[in-house]
Amino acid sequence: MDNRLKVLFAASECVPFAKSGGLGDVIGSLPKAFPKDEVDARVILPKYESIPWKYVKDFEYVTNFWVKIGYESRYVGIFRYVMDGVTFYFIDNEYYFKRNGLYGFYDDAERYVYFCRAVMEAIPYIDFYPDVIHCNDWQTALIPFFLKEQYAWHYTNTKSVFTIHNIKYQGHYGFDDVKTILNLDYFPAQMEFYDDVNFMKGAMYTADLVTTVSPSYAEEIKDPYYGEGLDGVARDVSWKEIGILNGIDEASYNPQTDEALFIPYAAGDIQKKRENKRKLQEYLGLPQRSEVPMIAFISRLVDQKGIDLIMGVIHDILKMDIQFVVLGTGDSQYENSLRDIANQYPDKMRTIIDFNEPLSRKIYAAADMFLVPSKFEPCGLTQMISMRYGTIPIVRETGGLKDSVQYYNKTTGDGNGFSFQTYNAHDMLFTLQKAVGMYYDEPEQWNHLMHNAFNTHYDWRLAADIYEYWYKKITGRL
Ligand code: ADP
(Lines give C-alpha, C1' and ligand atoms only; values in the text may rest on other atoms or scores of the structure.)
Protein backbone atom coordinates (compact mmCIF):
# COMPACT_ATOMS: atom_id res chain seq x y z
CA MET A 1 0.00 0.00 0.00
CA ASP A 2 1.16 3.49 -0.83
CA ASN A 3 1.47 5.35 2.46
CA ARG A 4 3.03 8.44 1.01
CA LEU A 5 1.51 11.78 1.80
CA LYS A 6 -0.44 12.93 -1.25
CA VAL A 7 -0.15 16.64 -1.96
CA LEU A 8 -1.77 18.44 -4.88
CA PHE A 9 -0.34 21.88 -5.64
CA ALA A 10 -2.84 24.16 -7.34
CA ALA A 11 -1.30 27.23 -8.92
CA SER A 12 -1.61 29.69 -11.78
CA GLU A 13 2.10 29.53 -12.68
CA CYS A 14 4.78 26.87 -12.79
CA VAL A 15 8.24 26.88 -14.37
CA PRO A 16 8.96 25.78 -17.11
CA PHE A 17 5.37 25.98 -18.36
CA ALA A 18 4.24 29.46 -17.32
CA LYS A 19 5.87 32.21 -15.28
CA SER A 20 5.35 35.88 -14.61
CA GLY A 21 7.32 36.07 -11.36
CA GLY A 22 8.52 34.23 -8.29
CA LEU A 23 5.35 32.15 -7.93
CA GLY A 24 6.29 30.28 -11.11
CA ASP A 25 9.75 29.50 -9.73
CA VAL A 26 8.35 28.23 -6.43
CA ILE A 27 5.81 25.87 -8.00
CA GLY A 28 8.44 24.66 -10.45
CA SER A 29 10.85 23.77 -7.64
CA LEU A 30 9.11 22.88 -4.38
CA PRO A 31 7.09 19.80 -5.50
CA LYS A 32 10.20 18.04 -6.78
CA ALA A 33 12.19 18.82 -3.63
CA PHE A 34 10.24 16.40 -1.41
CA PRO A 35 11.67 12.93 -0.78
CA LYS A 36 9.83 10.79 -3.34
CA ASP A 37 9.33 7.91 -0.93
CA GLU A 38 7.59 10.17 1.58
CA VAL A 39 5.56 12.67 -0.43
CA ASP A 40 3.75 12.19 -3.73
CA ALA A 41 3.53 15.83 -4.80
CA ARG A 42 1.64 16.68 -7.99
CA VAL A 43 0.73 19.97 -9.59
CA ILE A 44 -2.41 21.19 -11.33
CA LEU A 45 -2.44 24.36 -13.43
CA PRO A 46 -4.18 25.96 -16.40
CA LYS A 47 -3.21 24.85 -19.88
CA TYR A 48 -2.19 28.27 -21.16
CA GLU A 49 -1.64 29.00 -24.80
CA SER A 50 1.92 30.14 -24.03
CA ILE A 51 3.18 26.78 -22.71
CA PRO A 52 6.08 25.86 -25.02
CA TRP A 53 5.24 23.33 -27.70
CA LYS A 54 8.21 21.15 -26.74
CA TYR A 55 6.21 20.19 -23.62
CA VAL A 56 2.68 20.36 -25.01
CA LYS A 57 3.45 17.89 -27.79
CA ASP A 58 4.04 15.22 -25.15
CA PHE A 59 1.00 15.98 -22.99
CA GLU A 60 -1.17 12.93 -22.51
CA TYR A 61 -4.92 13.42 -22.75
CA VAL A 62 -6.67 12.00 -19.66
CA THR A 63 -10.36 12.83 -19.89
CA ASN A 64 -12.93 15.60 -20.14
CA PHE A 65 -16.04 16.63 -18.26
CA TRP A 66 -18.17 19.72 -17.76
CA VAL A 67 -18.60 22.09 -14.81
CA LYS A 68 -21.23 24.66 -14.09
CA ILE A 69 -20.10 28.29 -14.03
CA GLY A 70 -23.15 30.44 -13.41
CA TYR A 71 -25.71 29.51 -16.02
CA GLU A 72 -23.14 28.03 -18.40
CA SER A 73 -21.71 24.56 -18.67
CA ARG A 74 -18.00 24.82 -19.31
CA TYR A 75 -15.72 22.20 -20.79
CA VAL A 76 -12.82 20.84 -18.71
CA GLY A 77 -10.14 18.85 -20.46
CA ILE A 78 -7.42 17.19 -18.40
CA PHE A 79 -3.93 16.57 -19.68
CA ARG A 80 -1.07 14.91 -17.88
CA TYR A 81 2.69 15.24 -18.13
CA VAL A 82 5.47 13.79 -15.98
CA MET A 83 8.75 15.62 -15.52
CA ASP A 84 11.56 15.06 -12.96
CA GLY A 85 9.36 12.43 -11.31
CA VAL A 86 6.53 14.92 -10.69
CA THR A 87 3.09 14.54 -12.30
CA PHE A 88 1.57 17.71 -13.71
CA TYR A 89 -2.11 18.07 -14.64
CA PHE A 90 -3.31 20.78 -16.98
CA ILE A 91 -6.85 22.13 -17.11
CA ASP A 92 -7.79 22.73 -20.70
CA ASN A 93 -10.39 25.26 -21.73
CA GLU A 94 -9.56 27.39 -24.74
CA TYR A 95 -12.21 29.99 -24.01
CA TYR A 96 -10.47 30.87 -20.73
CA PHE A 97 -6.82 30.06 -21.36
CA LYS A 98 -6.07 30.36 -25.06
CA ARG A 99 -5.00 33.98 -24.71
CA ASN A 100 -1.99 36.13 -25.14
CA GLY A 101 -0.57 36.29 -21.59
CA LEU A 102 -1.46 34.85 -18.22
CA TYR A 103 -3.40 37.63 -16.50
CA GLY A 104 -4.81 41.08 -16.96
CA PHE A 105 -8.08 40.18 -18.71
CA TYR A 106 -11.49 41.70 -17.96
CA ASP A 107 -12.77 38.30 -16.82
CA ASP A 108 -9.85 37.14 -14.64
CA ALA A 109 -12.28 36.58 -11.75
CA GLU A 110 -14.31 34.16 -13.84
CA ARG A 111 -11.23 32.47 -15.30
CA TYR A 112 -9.92 31.57 -11.86
CA VAL A 113 -13.31 30.76 -10.37
CA TYR A 114 -13.53 28.30 -13.25
CA PHE A 115 -10.04 26.99 -12.54
CA CYS A 116 -10.79 26.42 -8.83
CA ARG A 117 -14.09 24.72 -9.65
CA ALA A 118 -12.38 22.53 -12.25
CA VAL A 119 -9.71 21.49 -9.72
CA MET A 120 -12.38 20.47 -7.21
CA GLU A 121 -14.21 18.43 -9.81
CA ALA A 122 -11.08 16.93 -11.38
CA ILE A 123 -10.01 14.92 -8.35
CA PRO A 124 -12.15 11.80 -8.99
CA TYR A 125 -11.17 11.83 -12.68
CA ILE A 126 -7.44 11.87 -12.01
CA ASP A 127 -7.85 9.28 -9.27
CA PHE A 128 -5.61 11.19 -6.90
CA TYR A 129 -7.35 11.98 -3.63
CA PRO A 130 -4.95 14.38 -1.96
CA ASP A 131 -4.33 14.50 1.77
CA VAL A 132 -3.48 18.14 1.23
CA ILE A 133 -4.36 20.63 -1.49
CA HIS A 134 -1.69 23.29 -1.40
CA CYS A 135 -3.10 26.52 -2.88
CA ASN A 136 -1.14 29.56 -3.92
CA ASP A 137 -2.22 33.20 -4.09
CA TRP A 138 -5.61 34.62 -4.98
CA GLN A 139 -6.06 32.66 -8.21
CA THR A 140 -6.47 29.45 -6.20
CA ALA A 141 -7.87 31.02 -3.04
CA LEU A 142 -11.37 29.70 -3.63
CA ILE A 143 -10.26 26.10 -3.25
CA PRO A 144 -10.01 26.13 0.59
CA PHE A 145 -13.37 27.90 0.67
CA PHE A 146 -15.02 25.41 -1.71
CA LEU A 147 -13.48 22.54 0.23
CA LYS A 148 -15.05 23.68 3.50
CA GLU A 149 -18.33 25.04 2.17
CA GLN A 150 -19.30 22.89 -0.80
CA TYR A 151 -17.19 19.72 -0.91
CA ALA A 152 -16.80 18.74 2.75
CA TRP A 153 -18.81 15.53 2.11
CA HIS A 154 -16.83 14.61 -0.98
CA TYR A 155 -13.31 15.00 0.30
CA THR A 156 -13.60 14.24 3.99
CA ASN A 157 -9.91 13.58 4.51
CA THR A 158 -8.47 16.44 2.50
CA LYS A 159 -6.90 19.44 4.25
CA SER A 160 -5.86 22.69 2.63
CA VAL A 161 -2.81 24.90 2.86
CA PHE A 162 -2.91 28.42 1.51
CA THR A 163 0.34 30.20 0.72
CA ILE A 164 0.45 33.96 0.38
CA HIS A 165 3.14 34.84 -2.14
CA ASN A 166 1.96 38.44 -2.27
CA ILE A 167 -0.84 39.90 -0.18
CA LYS A 168 -1.25 42.84 -2.54
CA TYR A 169 -3.16 40.79 -5.10
CA GLN A 170 -6.27 39.50 -3.36
CA GLY A 171 -9.06 38.83 -5.83
CA HIS A 172 -11.38 41.56 -4.60
CA TYR A 173 -14.73 41.80 -6.44
CA GLY A 174 -18.26 43.08 -6.02
CA PHE A 175 -20.47 40.27 -4.74
CA ASP A 176 -23.11 40.90 -7.39
CA ASP A 177 -20.46 40.50 -10.06
CA VAL A 178 -19.35 37.06 -8.91
CA LYS A 179 -22.18 35.44 -6.97
CA THR A 180 -23.60 33.69 -10.02
CA ILE A 181 -20.28 32.30 -11.21
CA LEU A 182 -19.52 31.17 -7.65
CA ASN A 183 -22.83 29.26 -7.54
CA LEU A 184 -23.65 30.98 -4.26
CA ASP A 185 -27.07 32.10 -3.11
CA TYR A 186 -25.86 33.50 0.20
CA PHE A 187 -23.23 36.06 1.11
CA PRO A 188 -20.06 34.18 2.16
CA ALA A 189 -19.14 35.69 5.52
CA GLN A 190 -15.56 34.37 5.39
CA MET A 191 -14.94 36.41 2.25
CA GLU A 192 -16.78 39.58 3.23
CA PHE A 193 -14.64 42.66 2.61
CA TYR A 194 -16.28 46.07 2.93
CA ASP A 195 -19.50 44.68 1.39
CA ASP A 196 -17.51 43.07 -1.45
CA VAL A 197 -15.94 39.64 -1.58
CA ASN A 198 -12.24 38.98 -1.21
CA PHE A 199 -11.01 35.56 -2.31
CA MET A 200 -7.77 35.75 -0.36
CA LYS A 201 -9.56 36.61 2.85
CA GLY A 202 -11.80 33.58 2.33
CA ALA A 203 -8.76 31.34 1.97
CA MET A 204 -7.09 32.77 5.06
CA TYR A 205 -10.16 31.90 7.12
CA THR A 206 -10.98 28.54 5.61
CA ALA A 207 -7.56 26.95 4.99
CA ASP A 208 -6.20 24.59 7.64
CA LEU A 209 -2.82 26.27 7.45
CA VAL A 210 -1.78 29.68 6.10
CA THR A 211 1.81 30.21 5.12
CA THR A 212 3.79 33.12 3.76
CA VAL A 213 7.05 32.85 1.89
CA SER A 214 9.32 34.23 4.60
CA PRO A 215 9.18 34.49 8.41
CA SER A 216 9.57 38.28 8.33
CA TYR A 217 6.69 38.71 5.88
CA ALA A 218 4.47 36.55 8.11
CA GLU A 219 4.97 39.16 10.83
CA GLU A 220 4.84 42.20 8.54
CA ILE A 221 1.42 41.42 7.07
CA LYS A 222 -0.09 41.77 10.53
CA ASP A 223 0.79 45.45 10.33
CA PRO A 224 -1.40 47.92 8.39
CA TYR A 225 1.63 49.23 6.45
CA TYR A 226 2.14 45.82 4.82
CA GLY A 227 -1.23 44.14 5.25
CA GLU A 228 -3.00 45.78 2.28
CA GLY A 229 -6.24 45.86 4.28
CA LEU A 230 -5.94 42.22 5.41
CA ASP A 231 -3.69 42.89 8.42
CA GLY A 232 -6.63 42.34 10.78
CA VAL A 233 -7.32 38.97 9.17
CA ALA A 234 -3.63 38.06 9.39
CA ARG A 235 -3.70 38.85 13.11
CA ASP A 236 -6.90 36.88 13.50
CA VAL A 237 -5.50 33.74 11.90
CA SER A 238 -2.00 34.07 13.35
CA TRP A 239 -2.58 30.84 15.34
CA LYS A 240 -2.43 28.88 12.08
CA GLU A 241 -0.05 31.10 10.13
CA ILE A 242 3.68 30.53 9.61
CA GLY A 243 6.45 31.89 7.39
CA ILE A 244 8.68 29.50 5.45
CA LEU A 245 11.52 31.00 3.44
CA ASN A 246 11.55 30.03 -0.23
CA GLY A 247 14.56 28.47 -1.83
CA ILE A 248 15.80 28.56 -5.40
CA ASP A 249 16.39 25.74 -7.83
CA GLU A 250 20.13 25.44 -7.36
CA ALA A 251 20.44 22.91 -10.17
CA SER A 252 18.89 25.31 -12.65
CA TYR A 253 20.60 28.44 -11.33
CA ASN A 254 24.10 27.03 -11.46
CA PRO A 255 26.77 29.21 -13.13
CA GLN A 256 28.79 26.11 -13.96
CA THR A 257 26.08 24.43 -16.03
CA ASP A 258 23.87 27.36 -17.06
CA GLU A 259 23.67 27.18 -20.84
CA ALA A 260 22.40 30.73 -21.11
CA LEU A 261 25.72 32.19 -19.96
CA PHE A 262 28.38 33.47 -22.33
CA ILE A 263 30.99 31.55 -20.36
CA PRO A 264 29.98 29.09 -17.63
CA TYR A 265 32.06 29.35 -14.47
CA ALA A 266 32.54 27.53 -11.19
CA ALA A 267 31.52 29.21 -7.93
CA GLY A 268 34.47 31.33 -6.88
CA ASP A 269 35.97 31.73 -10.35
CA ILE A 270 36.06 35.51 -10.31
CA GLN A 271 38.15 35.78 -13.45
CA LYS A 272 35.64 33.92 -15.61
CA LYS A 273 32.81 35.87 -14.05
CA ARG A 274 34.51 39.07 -15.20
CA GLU A 275 34.70 37.70 -18.72
CA ASN A 276 30.94 37.34 -18.66
CA LYS A 277 30.72 41.02 -17.80
CA ARG A 278 32.86 41.96 -20.77
CA LYS A 279 30.77 39.81 -23.09
CA LEU A 280 27.56 41.37 -21.81
CA GLN A 281 29.00 44.86 -22.27
CA GLU A 282 29.80 43.93 -25.84
CA TYR A 283 26.33 42.45 -26.35
CA LEU A 284 24.63 45.57 -24.96
CA GLY A 285 26.97 48.04 -26.67
CA LEU A 286 28.36 49.38 -23.40
CA PRO A 287 32.06 50.31 -23.08
CA GLN A 288 33.99 47.08 -22.55
CA ARG A 289 35.66 47.71 -19.21
CA SER A 290 35.97 44.67 -17.03
CA GLU A 291 37.12 46.80 -14.05
CA VAL A 292 33.98 48.96 -13.86
CA PRO A 293 31.34 47.80 -11.35
CA MET A 294 28.11 46.75 -13.01
CA ILE A 295 24.89 47.17 -11.05
CA ALA A 296 21.86 45.16 -12.21
CA PHE A 297 18.15 45.48 -11.60
CA ILE A 298 15.86 42.71 -12.91
CA SER A 299 12.26 43.06 -11.90
CA ARG A 300 8.62 43.46 -12.66
CA LEU A 301 8.35 47.23 -13.07
CA VAL A 302 5.67 47.94 -10.47
CA ASP A 303 5.34 50.16 -7.37
CA GLN A 304 6.37 47.40 -5.00
CA LYS A 305 9.87 47.13 -6.40
CA GLY A 306 11.21 50.52 -5.32
CA ILE A 307 11.64 52.06 -8.76
CA ASP A 308 10.65 55.45 -7.38
CA LEU A 309 13.71 55.28 -5.10
CA ILE A 310 15.92 54.56 -8.08
CA MET A 311 14.38 57.38 -10.13
CA GLY A 312 14.73 59.78 -7.16
CA VAL A 313 18.54 59.54 -7.16
CA ILE A 314 19.28 58.15 -10.60
CA HIS A 315 21.55 61.05 -11.61
CA ASP A 316 23.58 60.63 -8.40
CA ILE A 317 23.88 56.91 -9.04
CA LEU A 318 25.10 57.54 -12.55
CA LYS A 319 27.63 60.14 -11.34
CA MET A 320 29.65 57.21 -10.00
CA ASP A 321 31.98 55.33 -12.31
CA ILE A 322 29.60 52.41 -12.78
CA GLN A 323 27.39 50.73 -15.35
CA PHE A 324 23.71 50.13 -14.69
CA VAL A 325 21.68 47.43 -16.45
CA VAL A 326 17.90 47.22 -16.10
CA LEU A 327 15.74 44.34 -17.38
CA GLY A 328 12.02 44.38 -16.77
CA THR A 329 8.48 44.89 -17.92
CA GLY A 330 5.53 46.44 -16.17
CA ASP A 331 3.86 49.81 -15.70
CA SER A 332 4.45 52.04 -18.70
CA GLN A 333 5.38 55.03 -16.56
CA TYR A 334 8.37 53.07 -15.20
CA GLU A 335 9.24 51.51 -18.53
CA ASN A 336 9.33 54.94 -20.16
CA SER A 337 11.29 56.75 -17.47
CA LEU A 338 13.90 53.98 -17.17
CA ARG A 339 14.28 53.97 -20.95
CA ASP A 340 14.57 57.76 -21.09
CA ILE A 341 17.29 57.88 -18.46
CA ALA A 342 19.25 55.14 -20.25
CA ASN A 343 19.11 57.22 -23.43
CA GLN A 344 20.63 60.14 -21.54
CA TYR A 345 23.57 57.99 -20.37
CA PRO A 346 24.49 55.83 -23.37
CA ASP A 347 27.92 54.97 -21.92
CA LYS A 348 26.60 53.96 -18.55
CA MET A 349 23.12 52.56 -18.62
CA ARG A 350 20.97 50.13 -20.59
CA THR A 351 17.28 49.50 -20.09
CA ILE A 352 15.84 46.41 -21.74
CA ILE A 353 12.06 46.28 -21.65
CA ASP A 354 11.44 42.58 -22.06
CA PHE A 355 10.70 39.43 -20.11
CA ASN A 356 13.71 37.43 -21.15
CA GLU A 357 14.90 34.51 -19.08
CA PRO A 358 18.19 33.78 -20.90
CA LEU A 359 19.16 37.45 -20.82
CA SER A 360 18.31 37.63 -17.12
CA ARG A 361 20.76 34.80 -16.48
CA LYS A 362 23.49 36.55 -18.48
CA ILE A 363 22.94 39.65 -16.35
CA TYR A 364 22.98 37.76 -13.03
CA ALA A 365 26.32 36.29 -14.10
CA ALA A 366 27.85 39.49 -15.47
CA ALA A 367 26.91 41.98 -12.76
CA ASP A 368 28.89 42.80 -9.64
CA MET A 369 25.95 44.15 -7.63
CA PHE A 370 22.25 43.46 -7.71
CA LEU A 371 19.82 46.08 -6.47
CA VAL A 372 16.52 45.12 -4.76
CA PRO A 373 15.14 48.27 -3.05
CA SER A 374 11.59 46.93 -2.59
CA LYS A 375 8.91 48.71 -0.60
CA PHE A 376 7.82 45.24 0.47
CA GLU A 377 9.07 41.83 -0.60
CA PRO A 378 7.28 38.65 0.52
CA CYS A 379 10.39 36.59 -0.18
CA GLY A 380 12.19 37.76 -3.28
CA LEU A 381 14.20 35.34 -5.34
CA THR A 382 16.43 37.67 -7.32
CA GLN A 383 18.73 38.35 -4.36
CA MET A 384 19.14 34.58 -3.88
CA ILE A 385 19.74 33.95 -7.57
CA SER A 386 22.28 36.76 -7.77
CA MET A 387 24.26 35.34 -4.84
CA ARG A 388 24.36 31.98 -6.58
CA TYR A 389 26.20 33.78 -9.42
CA GLY A 390 28.52 35.62 -7.00
CA THR A 391 26.74 38.94 -7.47
CA ILE A 392 26.36 41.02 -4.33
CA PRO A 393 22.79 41.91 -3.34
CA ILE A 394 21.99 45.43 -2.13
CA VAL A 395 18.55 45.26 -0.58
CA ARG A 396 16.05 47.02 1.57
CA GLU A 397 15.53 45.24 4.89
CA THR A 398 12.02 43.94 4.40
CA GLY A 399 10.33 40.52 4.20
CA GLY A 400 12.45 37.78 2.68
CA LEU A 401 15.20 40.24 1.76
CA LYS A 402 15.78 40.77 5.47
CA ASP A 403 15.75 37.00 6.05
CA SER A 404 18.25 36.16 3.31
CA VAL A 405 20.78 39.03 3.12
CA GLN A 406 23.08 39.93 6.03
CA TYR A 407 25.08 43.15 5.95
CA TYR A 408 28.75 42.41 5.35
CA ASN A 409 30.88 43.04 8.41
CA LYS A 410 34.42 43.99 7.42
CA THR A 411 35.83 43.18 10.84
CA THR A 412 34.48 39.67 11.23
CA GLY A 413 34.20 38.87 7.51
CA ASP A 414 30.60 37.68 7.99
CA GLY A 415 27.66 38.64 5.79
CA ASN A 416 26.71 38.33 2.14
CA GLY A 417 25.55 41.76 0.99
CA PHE A 418 24.49 45.30 1.80
CA SER A 419 21.19 46.59 3.10
CA PHE A 420 19.34 49.68 4.23
CA GLN A 421 16.37 49.95 6.50
CA THR A 422 14.18 52.92 5.68
CA TYR A 423 12.33 53.26 2.39
CA ASN A 424 14.33 56.32 1.45
CA ALA A 425 16.17 57.11 -1.79
CA HIS A 426 19.19 58.67 -0.08
CA ASP A 427 19.62 55.74 2.28
CA MET A 428 19.67 53.54 -0.80
CA LEU A 429 22.13 55.84 -2.56
CA PHE A 430 24.42 55.94 0.47
CA THR A 431 24.42 52.14 0.61
CA LEU A 432 25.18 51.88 -3.10
CA GLN A 433 28.04 54.36 -2.68
CA LYS A 434 29.47 52.29 0.15
CA ALA A 435 29.32 49.16 -1.99
CA VAL A 436 30.96 50.86 -4.97
CA GLY A 437 33.57 52.36 -2.62
CA MET A 438 34.45 48.92 -1.27
CA TYR A 439 34.58 47.47 -4.78
CA TYR A 440 37.16 50.05 -5.88
CA ASP A 441 39.14 50.66 -2.71
CA GLU A 442 39.10 47.36 -0.84
CA PRO A 443 39.35 44.57 -3.41
CA GLU A 444 40.33 41.98 -0.83
CA GLN A 445 37.23 42.69 1.21
CA TRP A 446 35.19 42.60 -1.96
CA ASN A 447 36.58 39.22 -2.97
CA HIS A 448 35.85 37.85 0.48
CA LEU A 449 32.30 39.14 0.24
CA MET A 450 31.90 37.49 -3.17
CA HIS A 451 33.02 34.19 -1.73
CA ASN A 452 30.49 34.56 1.06
CA ALA A 453 27.78 35.15 -1.54
CA PHE A 454 28.89 32.14 -3.56
CA ASN A 455 28.73 30.07 -0.37
CA THR A 456 25.23 31.17 0.57
CA HIS A 457 22.71 28.43 -0.20
CA TYR A 458 18.95 28.59 -0.22
CA ASP A 459 18.25 25.08 -1.33
CA TRP A 460 14.61 23.97 -1.58
CA ARG A 461 15.21 20.86 0.48
CA LEU A 462 15.31 22.95 3.64
CA ALA A 463 11.93 24.51 2.93
CA ALA A 464 10.48 21.17 1.75
CA ASP A 465 11.31 19.59 5.12
CA ILE A 466 9.38 22.31 6.94
CA TYR A 467 6.37 22.03 4.61
CA GLU A 468 6.36 18.26 5.04
CA TYR A 469 6.34 18.66 8.81
CA TRP A 470 3.30 20.93 8.62
CA TYR A 471 1.45 18.72 6.13
CA LYS A 472 1.85 15.87 8.59
CA LYS A 473 0.74 18.03 11.46
CA ILE A 474 -2.51 19.17 9.86
CA THR A 475 -3.36 15.71 8.56
CA GLY A 476 -2.82 14.17 12.00
CA ARG A 477 0.21 12.13 11.00
CA LEU A 478 2.41 13.55 13.72
P1 ADP B 1 8.09 38.71 -7.97
O2 ADP B 1 7.50 37.35 -7.78
O3 ADP B 1 7.49 39.75 -7.08
O4 ADP B 1 8.10 39.15 -9.40
P5 ADP B 1 10.62 37.47 -7.18
O6 ADP B 1 11.93 38.08 -6.82
O7 ADP B 1 10.01 36.54 -6.18
O8 ADP B 1 9.63 38.66 -7.54
O9 ADP B 1 10.77 36.63 -8.53
C10 ADP B 1 11.07 37.24 -9.74
C11 ADP B 1 11.47 36.16 -10.73
O12 ADP B 1 11.13 36.62 -12.05
C13 ADP B 1 12.95 35.88 -10.75
O14 ADP B 1 13.18 34.55 -11.17
C15 ADP B 1 13.46 36.86 -11.82
O16 ADP B 1 14.68 36.46 -12.38
C17 ADP B 1 12.32 36.80 -12.80
N18 ADP B 1 12.17 38.01 -13.62
C19 ADP B 1 11.63 39.19 -13.25
N20 ADP B 1 11.61 40.05 -14.29
C21 ADP B 1 12.17 39.41 -15.33
C22 ADP B 1 12.44 39.75 -16.69
N23 ADP B 1 12.13 40.94 -17.19
N24 ADP B 1 13.01 38.82 -17.50
C25 ADP B 1 13.32 37.60 -17.01
N26 ADP B 1 13.10 37.21 -15.74
C27 ADP B 1 12.53 38.09 -14.91
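A: **Loops and backbone**

Pro 16 sits in the loop between β1 (5-10) and α1 (22-33). Helices (H or I, at least four residues) and strands (E, at least two) are DSSP runs, numbered from the N terminus. The model is predicted: local features need pLDDT of at least 70, side-chain atom pairs count only at pLDDT 80 or more, and totals for chains, interfaces and linings use all residues. Residues are numbered from 1 along each chain as its sequence is written, and side-chain values use heavy atoms, with hydrogens and water left out.

The bond between Val 15 and Pro 16 is a cis peptide, with omega of about 10°. Most peptide bonds are trans, and most residues other than glycine have a negative phi.

Two non-glycine residues deserve a look here. Asn 183 has a positive phi, near 55°. Asn 183 belongs to the loop between α6 (175-178) and β9 (192-193). Its relative accessible area is 36%, which makes Asn 183 partly exposed. Asp 195 is not a glycine either, yet its phi is positive, at about 70°. The loop between β9 and β10 (196-198) holds Asp 195. Asp 195 is exposed, at 64% relative accessibility. The scale is this: buried means under 20% relative accessible area, exposed over 50%, partly exposed in between (1.4 Å probe, protein chains only).

**Into the helix**

Thr 140 is buried, with 0% relative accessibility. Leaving aside residues up to four places away in sequence, Thr 140 touches Ala 10, Ala 11, Phe 115, Cys 116 and Cys 135. Contact means heavy atoms within 4.5 Å.

Now α5 itself. Of its 8 residues, 6 are buried, so α5 is largely enclosed by the rest of the structure. Those buried residues are Leu 142, Ile 143, Pro 144, Phe 145, Phe 146 and Leu 147. Their cover includes the strands β1, β6 (132-136) and β7 (159-164), along with the helices α4 (108-126) and α7.

**The partner helix**

Two packed helices are described by the angle between their axes and the distance between the axes. For α5 (residues 142-149) and α7 (residues 199-206), the angle is about 55° and the axes are 7 Å apart. Axes are lines fitted to C-alpha atoms, for helices over the stretch in contact; angles run from 0 to 180 degrees between N-to-C directions. α5 and α7 are therefore oblique to each other. Under 35 degrees counts as roughly parallel, over 145 as roughly antiparallel, 65 to 115 as roughly perpendicular and the rest as oblique.

The α5-α7 crossing is left-handed. That is, the near helix is turned anticlockwise from the far one by less than a right angle; clockwise would be right-handed. From α5, Leu 142, Pro 144, Phe 145 and Lys 148 take part, and they meet Phe 199, Ala 203 and Thr 206 of α7. By class, the contact has 5 nonpolar residues, 1 polar and 1 charged. Ala, Val, Leu, Ile, Met, Phe, Trp, Tyr, Cys and Pro count as nonpolar, Asp, Glu, Lys and Arg as charged, and the others, Gly among them, as polar.

**The sheet behind it**

Strands β1, β6 and β7 are part of an open sheet of 9 strands. Its order is β3-β4-β5-β2-β1-β6-β7-β11-β12, with mixed pairing. The edges are β3 (60-69) and β12 (241-243); each has a single partner strand, so one side of each lacks a neighbour in the sheet. From one strand to the next, the twist averages 25°. Two strands pair if DSSP finds at least two bridges between them. β1 and β6 are parallel, with 4 bridges. Val 7 stands opposite Val 132 of β6.

α7 lies over β7 and β11 (209-212), at about 130° to β7.

**Another sheet**

A further open sheet has 6 strands, in the order β15-β14-β13-β16-β17-β18, with parallel pairing. β15 (349-353) and β18 (418-420) are its edges. Here the twist averages 15° from strand to strand.
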